[in-house]
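Please walk me through this structure, with the cut-offs behind each term spelled out as you go.

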Amino acid sequence: MKQGKLIQTRNVAAADACVAELKARPKLEMVGLGLIYGAPGLGKTTYAQRSAYRHQYIYIRLGATTTAKTFAQSLLRAVHIHVGMGDVPTAGTTHGLFRRATELINAHPEVETVIMVDEIDYAFRRPDLLGAIRDVVDETLAIIILVGMENAKERLLQINRYYFDRCSQFYQFTPASVADLGAIARAVMDVEPADDVIRYIHRLTDGNLRQAVNVMDAIEKDALSRRLTSVSMADLEDRPTC
């Protein structure tokens, strides 16, 4: 299967529109904060990673052990590279690291800074980390897109209404449609899938993108092992059994 492609599915187009709205906002009146959320397996992380690669955004993924300081170190290092200054020492206090990062962003207004913060749910357990991310959008013109699970919007509202009100763009990823899966399959598979195969994959996975890609991979490997250049349901039903 072909790797690294970001296909313009319904979710990708809608998420891109959120980023575009934040870029076009009145920057002195509104902070650049948005939230993308949804159930597991719908392509949120893939979108964040691949759009960051395609558009030279900053991508930072939180984890269970991420603290405000380790986030500040990752942010400062990423901003240094983003503005073309290479790597940088990240010793110092948490406050000092954030100050250096925000000052660097503000010192380079000619460089558009969009930061994708994935797995934002981990920050919900750490008010200092959540507050640090908020401070970045408060003190700079950077855009920060938070990426979280399906209940992220409700949790953010419960934890901090003031924070929630600063988000001006929300988008919830939904299961892929038949058309979405068709576009993805034809872009990444090394065999041509027939329409009935696309519908089969959709029925089998209910539009869960992670599961659908696994099914596509299995179908492709089977088809290539039989030297097929295209595959239909008749081909799948004609597979040899062990």
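R99 is partly exposed, with 41% relative accessible area; on this scale buried means under 20%, exposed means over 50%, and partly exposed lies in between, using a 1.4 Å probe and protein chains only. This is a predicted model, in which local features need pLDDT of at least 70 and side-chain atom pairs count only at pLDDT 80 or more, while totals for chains, interfaces and linings use all residues. Residues are numbered from 1 along each chain as its sequence is written, and side-chain values use heavy atoms, with hydrogens and water left out.

The side chain of R99 meets that of E103 in a salt bridge, at 3.9 Å from N to O. The term stands for a side-chain nitrogen of Lys or Arg within 4 Å of a carboxyl oxygen of Asp or Glu. Both residues sit in helix α4 (residues 94-107), and because they are 4 residues apart, about one helical turn separates them. Helices here are DSSP runs of H or I with at least four residues, strands are runs of E with at least two, and both are numbered from the N terminus. E103 is partly exposed too, at 47% relative accessible area.

How many salt bridges does this rule give? The count comes to 13. Among them is the one between D128 and R126, whose closest N and O atoms are 3.7 Å apart. D128 has a relative accessible area of 43%, so it is partly exposed, and R126 counts as partly exposed at 29%. Another joins D195 to R186, with 2.6 Å between the closest N and O atoms. Here D195 is partly exposed at 45% relative accessibility, and R186 is partly exposed at 35%. There is also a network of salt bridges that links R134, D135, D138 and R166.

Now let us turn to the sheet. In general, strands of a sheet pair through backbone hydrogen bonds, either parallel or antiparallel.

Which strand does β2 (residues 58-61) pair with? Its parallel partner is β3, over 4 bridges, and I60 has V117 of β3 as its bridge partner. Strand β3 (residues 114-118) is largely enclosed by the rest of the structure, because 5 of its 5 residues are buried. Both of its faces are covered, with V114, M116 and D118 buried on one side and I115 and V117 buried on the other.

Together with helix α5 (residues 127-139), β3 and β4 make a right-handed β-α-β unit; right-handed means that, with the strands pointing away from the viewer, the path from the first strand over the helix to the second runs clockwise.

Strand β1 (residues 32-37) is joined to β4 by 6 bridges, running parallel, and I36 stands opposite V147. Parallel pairing also joins β1 to β5 (residues 169-172) through 4 bridges, with G34 opposite Q169. Strand β1 is mostly covered, 6 of its 6 residues being buried. G32, G34 and I36 point one way, L33, L35 and Y37 the other way, and all are buried.

A last stop is L156, which has its place in helix α6 (residues 152-159). Is L156 buried or exposed? It counts as buried, because its relative accessibility is 0%. Leaving out residues up to four places away in sequence, L156 touches L35, F124, L130, R161, Y163, F164 and C167.

Conventions:
Pairing = 2+ DSSP bridges. Contact = heavy atoms within 4.5 Å.
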